[in-house]
Amino acid sequence: MSNRPISPHLQIYRPQLTSVMSITHRMTGIFLSLGTLVLLFWLAAAASGAEQYQAAQSVFDMVIVKLVLVGWTWAFFYHLSNGIRHLCWDAGRGLDIPTAYASGYAVLAVSVVLTLLVWGYVFAVPGGAA
Amino acid sequence: MSLRSDLGRVKGLGSAKEGVHHWRLQRITAIALVPLSLWFVVSLLCVFNGTHAEVVEWVAAPYVTVLLVALTVLLFWHLQLGLQVVIEDYVHTAFKQIALQIALRVAAGFGALVAIVSILKISLALG
């Protein structure tokens, strides 16, 4: 046990793509967990009737709420694609440093592109959320 | 270099029977959530701008009801497993640890119930 590597001292340890993406996975997980409250709000409103649903929709029309939803969308796609990256690691694949960096950049790109696609679609559809 | 065998080193350091239980459940729920959550986001994009009647009609379709309840169970299960580890890592007071772990399970269970009741209320009303 004595010659095992010790944990890095986070305050003085230079951030790297891999370590930053690791803590981001955890932060997006926490953010997404809180986001389920929005999901519950929407579902409960739909179950309560047309009037309540209309009131809920007006909340979603607020710009600040939209911004949070955009952040939530990115967090979702990040956690999803980085989660798949983690599952590959769990299967013992892609653990070497070049592949870990390549998959890291791929996760960042995919999460941003999918977020842009989703919100591009939301604002493009007729009678959309804009 | 140690002359002890691998078995000798790990013996007595804990049960080897359920050590991977949490890890395995976290992965299983994660794998199941990949298609389910993607389906949900795509569906949401299709129904979100609809009227209340359209949204309710979508929820009440039998396969949608089933998938939504499955998504709810897996989502709240997965978030409970994840937040459990976050609390384990950052909370170092025994009392706070126990209180937060219980609160997390109550909140996750309650959240799942609210979602499932809402889904079934819509579905059964139109069924």
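Trainee: What should I know about the model and its numbering?
Mentor: This is a predicted model, in which local features need pLDDT of at least 70, side-chain atom pairs count only at pLDDT 80 or more, and totals for chains, interfaces and linings use all residues. Residues are numbered from 1 along each chain as its sequence is written, and chains are lettered from A and ligands numbered from 1 in the order in which they are written.

Trainee: How are helix 1 of chain A and helix 3 of chain A oriented to each other?
Mentor: Helices here are DSSP runs (H or I, at least four residues) numbered from the N terminus. The axes, lines fitted to C-alpha atoms over the stretch in contact, with angles from 0 to 180 degrees between N-to-C directions, come within 9 Å and cross at roughly 125° for helix 1 (residues 17–48) and helix 3 (residues 63–90) of chain A. Angles under 35 degrees count as roughly parallel, over 145 as roughly antiparallel, 65 to 115 as roughly perpendicular and the rest as oblique. Helix 1 of chain A and helix 3 of chain A are therefore oblique.

Trainee: By class, which residues make up the contact of helix 1 of chain A with helix 3 of chain A?
Mentor: Residues are in contact if their C-beta atoms, placed from the backbone, lie within 7 Å; among them are Gly29(A) and Leu32(A) in helix 1 of chain A, and Trp72(A) and Phe76(A) in helix 3 of chain A. Ala, Val, Leu, Ile, Met, Phe, Trp, Tyr, Cys and Pro count as nonpolar, Asp, Glu, Lys and Arg as charged, and the others, Gly among them, as polar. The contact of these two helices of chain A has seven nonpolar, seven polar and no charged residues.

Trainee: Which helix of chain B gives the largest share of the side that touches chain A?
Mentor: In this contact, 23 residues of chain B meet 24 residues of chain A. Helix 2 (21–47), helix 3 (52–60), helix 4 (62–90) and helix 5 (94–126) of chain B each give two or more residues to that side. The largest share, seven residues, comes from helix 5 of chain B.

Trainee: Which residues touch the most other members of the largest nonpolar core?
Mentor: A nonpolar core is a set of buried Ala, Val, Leu, Ile, Met, Phe, Trp, Tyr and Cys residues joined through C-beta atoms within 7 Å. A residue is buried if 20 or more other C-beta atoms lie within 10 Å of its own, exposed if 12 or fewer, and partly exposed in between. Of the 23 residues in the largest core, those touching the most other members are Leu43(A), Ala46(A), Val59(B), Ile119(B) and Ile122(B).

Trainee: Beyond four places in sequence, with which residues is Leu43(A) in contact?
Mentor: Leu43(A) is one of the residues that touch the most other members of the largest core. Leaving aside neighbours within four places in sequence, the contacts of Leu43(A) are Ala115(B), Ser118(B) and Ile119(B).

Trainee: Is Ile31(B) buried, partly exposed or exposed?
Mentor: Ile31(B) lies in helix 2 of chain B. With 14 other C-beta atoms within 10 Å, Ile31(B) is partly exposed.

Trainee: At roughly what angle do the axes of helix 1 of chain A and helix 4 of chain B cross?
Mentor: The contact between them includes Ile30(A) of helix 1 of chain A and Leu79(B) of helix 4 of chain B. The axes of these two helices come within 10 Å and cross at roughly 135°.

Note on methods
Contact = placed C-beta atoms within 7 Å.
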